[in-house]
Amino acid sequence: MSNGRIYERTLDEARYIARTGATVRQAAMVFGVGKSTVHQDMIRRLPGLNEELCAQVMAVMDKNLSERHIRGGQATRRRYKNIH
């Protein structure tokens, strides 16, 4: 994949995350890449491409990180509810 396409993918992922509040995992599913790829795009590539968009994405990622334990508890609750 050429650098131009990688940078375009990075910007597309960033716009999607900023617009929807999606997690890295959700964005990876939408764009058909791994979550490590999305994370690397956001952390390493995006700051050099668009600082304003990067700030928006980092705010979403920080929010998602702070809520991660809540989503994990909800998933466990659903799993046990289906078992019993």
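Trainee: Which residues does Ala18 touch, not counting residues up to four places away in sequence?

Mentor: In this predicted model, Ala18 touches Leu53, Gln56, Val57 and Val60, with residues up to four places away in sequence left out. Ala18 itself lies in helix 1.

Trainee: What makes Ala18 count as buried, partly exposed or exposed?

Mentor: The relative accessibility of Ala18 is 26%. Buried requires a value under 20%, and exposed requires one over 50%.

Trainee: How far apart are the C-alpha atoms of Ala18 and His39?

Mentor: They are separated by 14 Å, and the two residues are 21 residues apart along the chain.

Trainee: How do you know whether helix 1 and helix 3 are roughly parallel or roughly perpendicular to each other?

Mentor: Their axes come within 9 Å and cross at roughly 100°. Angles from 65 to 115 degrees count as roughly perpendicular, so helix 1 and helix 3 are roughly perpendicular to each other. Helix 1 contributes Ile6, Tyr7, Arg9, Thr10, Leu11, Glu13, Ala14 and Ile17 to the contact, and helix 3 contributes Thr37, Val38, Asp41, Met42, Arg45, Leu46 and Leu49. By class, the residues of this contact are 9 nonpolar, 2 polar and 4 charged.

Trainee: Which residues have the most contacts inside the largest nonpolar core?

Mentor: They are Ala14, Ile17, Val38, Met42, Leu46, Leu53 and Val57, in a core of 16 residues. Helix 1 (3-20), helix 2, helix 3 and helix 4 each give two or more residues to this core. Helix 4 provides the largest share, 5 residues. As for Leu53, not counting residues up to four places away in sequence, this residue touches Leu11, Ala14, Arg15, Ala18 and Leu46.

Trainee: Why is Asn64 called buried?

Mentor: Asn64, which lies in helix 4 (residues 51-83), has a relative accessibility of 9%. The threshold for buried is under 20%, so Asn64 counts as buried. Apart from neighbours within four places in sequence, Asn64 is in contact with Gly21, Ala22, Thr23 and Arg71.

Trainee: Where is Thr23 placed, and does Thr23 count as buried or exposed?

Mentor: Thr23 is in the loop between helix 1 and helix 2. Its relative accessibility is 15%; against the cut-off of under 20%, Thr23 therefore counts as buried. With neighbours within four places in sequence set aside, Thr23 is in contact with Asn64 and Arg71. The C-alpha atoms of Thr23 and Val60 are separated by 8.1 Å, although these residues are 37 residues apart along the chain.

Terms used
Residues numbered from 1 in each chain as written. Predicted model: local features only at pLDDT ≥ 70, side-chain atom pairs only at ≥ 80, totals over all residues. Heavy atoms only, no water. Helix = DSSP H or I, 4+ residues; strand = E, 2+ residues; numbered from the N terminus. Buried < 20%, exposed > 50% of the residue type's maximum accessible area, 1.4 Å probe, protein only. Contact = heavy atoms within 4.5 Å. Core = buried A, V, L, I, M, F, W, Y, C linked by side-chain atoms within 4.5 Å. Axes fitted to C-alpha atoms, helices over the stretch in contact; angles between N-to-C directions. Parallel < 35°, antiparallel > 145°, perpendicular 65-115°, else oblique. Nonpolar A, V, L, I, M, F, W, Y, C, P; charged D, E, K, R; others polar.
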